[in-house]
Amino acid sequence: MNTKLYDSHLHTSFSGDSETPPEEQIARAAEKGFAGICFTDHDDHDVVSEVDFDLDVPAYFKKMQELKDKYANSLDIRIGIESGLQTGTVGYQHELVKEYNFDYVIGSVHFVGGLDPYYPEYFRKYGKKSYLSFFECTLECVKAHDDFDALGHLDYIARYGGPYGLTYSYEQYREAVDPILEVLIRKNKALECNTGGLSRGLSFPNPSFDVIRRYRELGGRMVTLGSDAHSPETLGCEFEKTLAALKEIGFDEYVIYRNRRPEPIKIDL
Ligand SMILES: [Zn+2]
Ligand SMILES: [Zn+2]
């Protein structure tokens, strides 16, 4: 494969749920021959969780800028953020991206009604409506927010619903998913293809290829690619296979972001 590889979704110890020093992600990317990476540590503002998802943005930005300069000759390092989308955080996020010069902002829904589907409480509360409620909340969030570049792992909930006997396919939820895709296209936002689903044992990335195919059918042309690795082992997980699938769907390129602007990377298998 001649495609230049960039992993645009990576966590480090700046995220409450990772203990990986950023240097380890850099070393892994270099070892795998990647052209570049974008750090996207978690910032979920104003949530109650066992994990502290509030990012120390000044410390993060300072450290990442140092690393970016230090490795400038060997790896193209970009500074992003995975910002938790909630309808109540529109103003917060607007101020944040105005203050810091991020390369890339992933908007991700991790909390619905204050609950994270990572935990059983979510499924206890929403039951059979678990997936639908997640997609309805996502739609409200993408309508309300403008200060993001790509929607992260659109079907994040599919990582966690299996043990509760909930089935999932695009066909089952198309009426809830299509309006989300339509808003992204209208707002010129990218759809993230997150291989974290594959590294967590699913047979598809997040969102599933059927959702990505539908985004393209509806006119969407910007797909970003990220592993969502919280430790170095899964950096770039299944990228070659995933790029081949994207190409088969009709994407000749994927996009990476610098200074909040998309740059195309040709998919050359
Ligand atoms: Zn996420
Ligand atoms: Zn993530």
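Reader: Let's start with pairing: in which sense do E6 and strand E7 pair, and over how many bridges?
Author: E6 and strand E7 (residues 223–226) pair in the parallel sense over 4 bridges, where two strands count as paired if DSSP finds at least two bridges between them. In this pairing cysteine 193 stands opposite leucine 225 in E7.

Reader: And before I go on, what sort of model is this, and how is the numbering done?
Author: This is a predicted model, in which local features need pLDDT of at least 70 and side-chain atom pairs count only at pLDDT 80 or more, while totals for chains, interfaces and linings use all residues. Residues are numbered from 1 along each chain as its sequence is written, and chains are lettered from A and ligands numbered from 1 in the order in which they are written.

Reader: OK, back to E6: which strand do 2 bridges join to it?
Author: That is strand E5 (residues 150–151), which runs parallel to E6 and is joined to it by 2 bridges, with alanine 150 standing opposite alanine 190 in E6. E5, helix H6 (residues 170–186) and E6 also make a right-handed β-α-β unit; right-handed says that, with the strands pointing away from the viewer, the path from the first strand over the helix to the second runs clockwise.

Reader: Is E6 mostly covered or exposed?
Author: Strand E6 (residues 190–194) is mostly covered, with 5 of its 5 residues buried. A residue is called buried if 20 or more other C-beta atoms, placed from the backbone, lie within 10 Å of its own. Ala190, Glu192 and Asn194 point one way from the strand, whereas Leu191 and Cys193 point the other way.

Reader: Switching topic, where is histidine 145?
Author: Histidine 145 is in the loop between helix H5 (130–144) and E5, and it is buried because 22 other C-beta atoms lie within 10 Å. Leaving aside neighbours within four places in sequence, histidine 145 is in contact (C-beta atoms, placed from the backbone, within 7 Å) with Leu85, Val90, Gln93 and Gly107.

How values were computed: Buried ≥ 20, exposed ≤ 12 C-beta atoms within 10 Å, placed from the backbone. Contact = placed C-beta atoms within 7 Å.
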